[in-house]
Amino acid sequence: MPQTARPAGRQVRTARGAVALAGAAALVGLSGAPAAAATVAQASGTAVRVSVAGNPADSGSFRSTHDGDREQTSGSNRPAVALLGGQDFLTAGTLAQDARTRVQDGRGYTEACAGLAGDGATVVGVGEGTCLRGGQNLQLAAGTLDLAALLDGLGAPAGGLPLPDLPVPLEPGQPDAIAQAFNDAVDRVAAQLGDPGLFVDLGAVQSRCTSGPGTAQGSASIVGARAYAQFQGEQVELVRLPVNPAPNTKVVTDLGAVSEKVRDALIAQFTSGLEGGLAPLAEAAENAAIDAALAQISEQLAPLEQNVLDVTLNKQVRQGADQITVTALDAQVLPVAAEQLDASAVSLQIGESACGPSGQVTTAQPPPTPDPTPDPQPRPEPAPRTPTVVPAGVATAPGTGLSGTGVAALAGLVALALAAGVGRRPGRDG
Amino acid sequence: MTAALAGLTRLLLAAAAVVAVVLLVLNDDGDEPSAFRSLPPSVPVQVVVPSLGVEAGIDPVAVSADRVLDPPEDVERVGWWDASAAPGASAGQTVLTGHAVHAGGGVLDRLPAVRPGARVDLRTDEGLMRYRVTDVETLGRDEVAARTEELFGQDRGDGRLVLVSCTEWDGAVYRSNVVVTARPLGEPRPAARL
């Protein structure tokens with residue numbers, strides 16, 4: 001994978017005299033990094049990973065590392081959707097993945113972002129605090145629900161619908177007529193609804209992370225994301241995702257909305273059939289027939305009531321105090337549901353940003369004595385040194401006129417500072 | 001009859017008190033999560049403490065090699081320790097410090113007067129992060145040094161805010177620090193942005 005050196009930005013201060021320690025090479029972990037240089041900071045962004053029926057594809061990653069002297073990057077920060085070969089789930093949209101590392105005052109800092117948006121989105125890069133802005137909504141076809149096959153199994157059993165004992169006995173021929181009305185209703189609904197498509201709409205889905213010595217943060221933004229089933233010209237919403245989800249927000253959804261729509265259509269058709277083409281049924285008999293039909297329908301549509309989609313939003317995994325991986329959206333069609341619904345198992349991760357670990361530039365030291373049993377575990381970087389003194393009090397503000405009290409106070413402070421031998425920023429205390 | 005009315009009144013008052021307590025409890029523990037949402041971590045640019053009349057800009061400041069955290073030179077601005085957690089982070093502690101000026105004019109002159117329950121808002125490029133003050137402590141220099149990891153350590157905390165200034169002017173110097181801690185609530189949803 002090609003590596004390029006990115007010119008230092010105005011915020012990037014190159015540490016002078018930084019010499020890499022070979023012993024820190026355990027932190028490198030990146031095959032493309034120079035073997036002799038220790039990595040002080042590292043970050044990466046991966047726009048999309050998708051797997052359909054076990055065939056994985058991804059957008060590659062954009063990586064940035066810093067060895068204390070300069071930043072090195074590899075990969076593309078604006079990959080084309082066409083890279084995602086071997087699948088037709090994701091064929092349009094704008095991908096973005098970016099990462100940046102810098103060293104300031106000898107300490108490593110990182111930031112990364114990654115995501116997916118609709119066509120027309122602007123790729124703005126991690127320096128802008130986000131990867132993508134604007135763009136149209138993107139419609140992803142998650143599959144087609146084989147509703148016809150589901151309804152095929154719904155025909156009335158031989159002998160008609162199992163009706164309970166009725167207060168008024170049915171006339172001869174009525175049980176068969178009820179069963180026929182039910183089967184007609186199923187046929188009409190199957191033709192009327194067709195096989196609905198399952199879709200996911202996305203506006204912009206992206207994550208971002210930052211890290212520094214002893215600290216790492218991440219967040220995700222999800223705009224205009226929802227899943228729905230589309231019948232002939234009509235949409236039934238399954239789930240709508242929150243815009244700024246809390247870390248590790250779980251969302252599961254079933255196809256209960258689809259089930260409800262099918263059930264309502266069947267009962268409407270069945271009721272119409274009972275009232276239209278048959279000899280008039282007593283009200284009690286009609287109600288019993290509808291109840292029996294409902295029981296039959298509910299049993300057949302039961303798979304739709306199971307969770308089919310398992311989504312984690314703003315998935316955050318902390319590998320250490322200064323290392324985090326954030327995935328904006330991690331979704332999968334549950335394998336069991338995929339099997340029952342005859343759909344492909346789809347696994348989708350959008351916007352994976354990884355930041356850290358980030359260390360500290362160390363000065364040159366004599367080569368250490370080789371250790372015959374090197375520690376296989378990389379040691380975590382220490383947290384930043386906390387302050388032990390916070391001198392946030394002064395007698396008077398700089399540049400202000402001194403009152404008599406102020407002069408006396410200043411004289412006292414100067415005397416105290418001199419007595420204490422404090423030379424730095426005299427007059428500060430507390 | 002009068003006694004019965006008085007008894008009924010007492011009963012109603014007691015019931016009202018119970019309802020009020022229940023509502024307070026619900027407001028404290030039940031309403032807050034729904035009134036706020038998470039905010040992407042970002043560098044703070046402004047601090048607002050309404051109860052103190054504080055509204056100040058923020059500059060990043062660093063800890064020196066000898067572990068001193070100086071506020072900005074401009075006593076009307078507040079410093080954010082640039083290695084501490086950014087507002088919105090779910091871990092670490094966000095550390096701010098600002099001057100107390102004995103002659104007046106320091107941005108955090110009145111910090112010792114803040115009370116638990118007071119509101120503190122930090123503005124970032126991502127939005128507004130709200131905190132609620134939980135503790136106000138006066139600590140001597142030795143105590144601050146001894147408790148530095150607890151007060152400022154970045155390997156602990158849930159994104160809480162730590163505000164530090166000086167207090168206890170003895171006629172010549174400030175003898176102590178005032179350390180205010182506040183728990184993070186999140187970004188107020190539009191209806192709660194009051």
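This is a predicted model: local features need pLDDT of at least 70, side-chain atom pairs count only at pLDDT 80 or more; totals for chains, interfaces and linings use all residues.
A quick check on the geometry of H2(A). The helix has 20 residues, 174-193, so at 1.5 Å a residue it should span 28 Å. The C-alpha atoms at its ends are 28 Å apart, which agrees. After H2(A) comes Gly194(A), with a positive phi near 65 degrees.

Now the chain as a whole. Chain A has 430 residues, and 44% of them count as buried. Its secondary structure comes to 6 helices and 20 strands. Taking contacts between residues at least 6 apart in sequence, 69% join residues at least 24 apart.

On to the partner chain. In chain A, 40 residues are in contact with 47 residues of chain B. Four elements of chain A give two or more residues to that side: strands S12 (204-212), S13 (215-223) and S20 (393-394), and helix H6 (404-420). H6(A) gives the most, with 5 residues. By class, this side of chain A has 18 nonpolar, 17 polar and 5 charged residues.

Last, which strand of chain B does S20(A) join? That is S6(B), residues 100-101; the two run parallel and are joined by 2 bridges. Within this pairing, Gly393(A) stands opposite Ala100(B).

Key. Residues are numbered from 1 along each chain as its sequence is written. Chains are lettered from A and ligands numbered from 1 in the order in which they are written. The expected span of a helix is 1.5 Å times one less than its number of residues. A residue is buried if 20 or more other C-beta atoms lie within 10 Å of its own, exposed if 12 or fewer, and partly exposed in between; C-beta atoms are placed from the backbone. Two residues are in contact if their C-beta atoms, placed from the backbone, lie within 7 Å. Ala, Val, Leu, Ile, Met, Phe, Trp, Tyr, Cys and Pro count as nonpolar, Asp, Glu, Lys and Arg as charged, and the others, Gly among them, as polar. Two strands pair if DSSP finds at least two bridges between them.
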